[in-house]
Amino acid sequence: MDTDSRDVRAHGNETAAGSSTKQYTAHLERSRRVWDRWSDWYGMSERDFEPIRERAIDRLDLQAGDRVLDIGCGPGVNFEHIRSQIGSDGELVAVDYSPEMVANARNRIDRHGWENVVVHQADATTVDFDESFDAAVATLSLGVMPDAHRTVENIHRLLVPGGQLAVVDVRPTPSGPLRLLNPLIWRFFRWYANWNPANDVPGSLHHTFTECELTETAVGGTAYTMICRRAGSAVEAGNSDPETAEQ
Ligand SMILES: C[S@@+](CC[C@H](N)C(=O)[O-])C[C@H]1O[C@@H](n2cnc3c(N)ncnc32)[C@H](O)[C@@H]1O
């Protein structure tokens, strides 16, 4: 188990441009403490959000052999569903900052004997890889990042041209009388999940990706799914077969 260090390299500056180094580091370290604490108590969240997570992944239209990135994977709640779609020829690479979450995710991999699923203990905002990804998922993770905007930019950079990102996240109640409870809800999320009120996940997605669609809302609009696509086509990504290249 990794306990105190990242096992992949970082891209660019290790802290966020928009927040001070001190704020960034403090948020990241609190995140590790909070998620280490919840790592053995994640069953209810895994069950409750499973349907919306799986519908989001289904929208990526993953193919056998695809290479997929799972950002803030927690204890590996998305692995089985993604693995069932990319098969044994695909590759699933997951990243989480909490060493205890990473340990649980690795236990899940060992239990299933998946040889093409790997988890790195790393900060998703700066993590870097040699090879690009056909698709990425970030379920319930962007909102807790120290700088979601920069994390979204990093994911965009790691995707092949035409690659898609599926995001499930939560936001303040957008309308109706429940809006009055927003300050209380956010205070609770901040304590429970180290939620970062400075993040505007939908805004960052729209700003970074050329195409972005809100495909589902749930729990009175508080939970939502967005599917975003990086500009370009499979031809640019090295697929010169016009039959299979995206238009
Ligand atoms: C609410 S859990 C979501 C887990 C899982 N994706 C799901 O859908 O249930 C948020 C996860 O994001 C991880 N996380 C928070 N900040 C991170 C960062 N900067 N880099 C990587 N992972 C991070 C936490 O450790 C935690 O496991």
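Where is the place of V219? V219 lies in the loop between β6 (211-218) and β7. Helices (H or I, at least four residues) and strands (E, at least two) are DSSP runs, numbered from the N terminus. The model is predicted: local features need pLDDT of at least 70, side-chain atom pairs count only at pLDDT 80 or more, and totals for chains, interfaces and linings use all residues. Residues are numbered from 1 along each chain as its sequence is written.

The protein holds 7 helices and 7 strands. Along the sequence they follow the pattern α-α-β-α-β-α-β-β-α-β-α-α-β-β. Of its 247 residues, 38% count as buried. A residue is buried if 20 or more other C-beta atoms lie within 10 Å of its own, exposed if 12 or fewer, and partly exposed in between; C-beta atoms are placed from the backbone. Contacts require C-beta atoms, placed from the backbone, within 7 Å. Among contacts between residues at least 6 apart in sequence, 73% join residues at least 24 apart.

Strand β5 (residues 159-170) has 10 of its 12 residues buried, so it is largely enclosed by the rest of the structure. Two strands pair if DSSP finds at least two bridges between them. Strand β4 (residues 133-139) and β5 run parallel, joined by 6 bridges. Here V137 stands opposite A166 of β5. The chain crosses from β4 to β5 through helix α5 (residues 148-158), and this β-α-β crossover is right-handed. That term applies if, with the strands pointing away from the viewer, the path from the first strand over the helix to the second runs clockwise.

Strand β7 (residues 223-229) pairs with β5 through 7 bridges, and the two run antiparallel. Q164 has R229 of β7 as its bridge partner. V170 stands opposite A223, also in β7. In β7, 5 of the 7 residues are buried, so this strand too is largely enclosed by the rest of the structure. Strands β6 and β7 are antiparallel as well, with 7 bridges between them. A218 stands opposite A223 in that pairing.

Most residues other than glycine have a negative phi. In the hairpin of β6 and β7, with 4 residues between the strands, V219 takes a positive phi near 50°. V219 is partly exposed, with 13 other C-beta atoms within 10 Å. L140 is not a glycine either, yet its phi is positive, at about 60°. The loop between β4 and α5 holds L140. L140 is partly exposed, with 19 other C-beta atoms within 10 Å.

A nonpolar core is a set of buried Ala, Val, Leu, Ile, Met, Phe, Trp, Tyr and Cys residues joined through C-beta atoms within 7 Å. The largest such core has 51 residues, and V68, A136 and V167 have the most contacts inside it. Strand β5 gives the most to this core, with 6 residues. Beyond four places away in sequence, A136 touches V68, L69, I71, I155, L158, L159 and L165.

The ligand has 24 residues around it, of which W35, G72, G74, S98 and T139 come nearest. The elements giving two or more residues to this shell are α1 (21-38), α2 (43-58) and β2 (91-96). The shell divides into 13 nonpolar, 8 polar and 3 charged residues. Ala, Val, Leu, Ile, Met, Phe, Trp, Tyr, Cys and Pro count as nonpolar, Asp, Glu, Lys and Arg as charged, and the others, Gly among them, as polar.

Definitions and conventions: A residue is near a molecule or strand if its C-beta atom, placed from the backbone, lies within 6 Å of it. Two residues are in contact if their C-beta atoms, placed from the backbone, lie within 7 Å.
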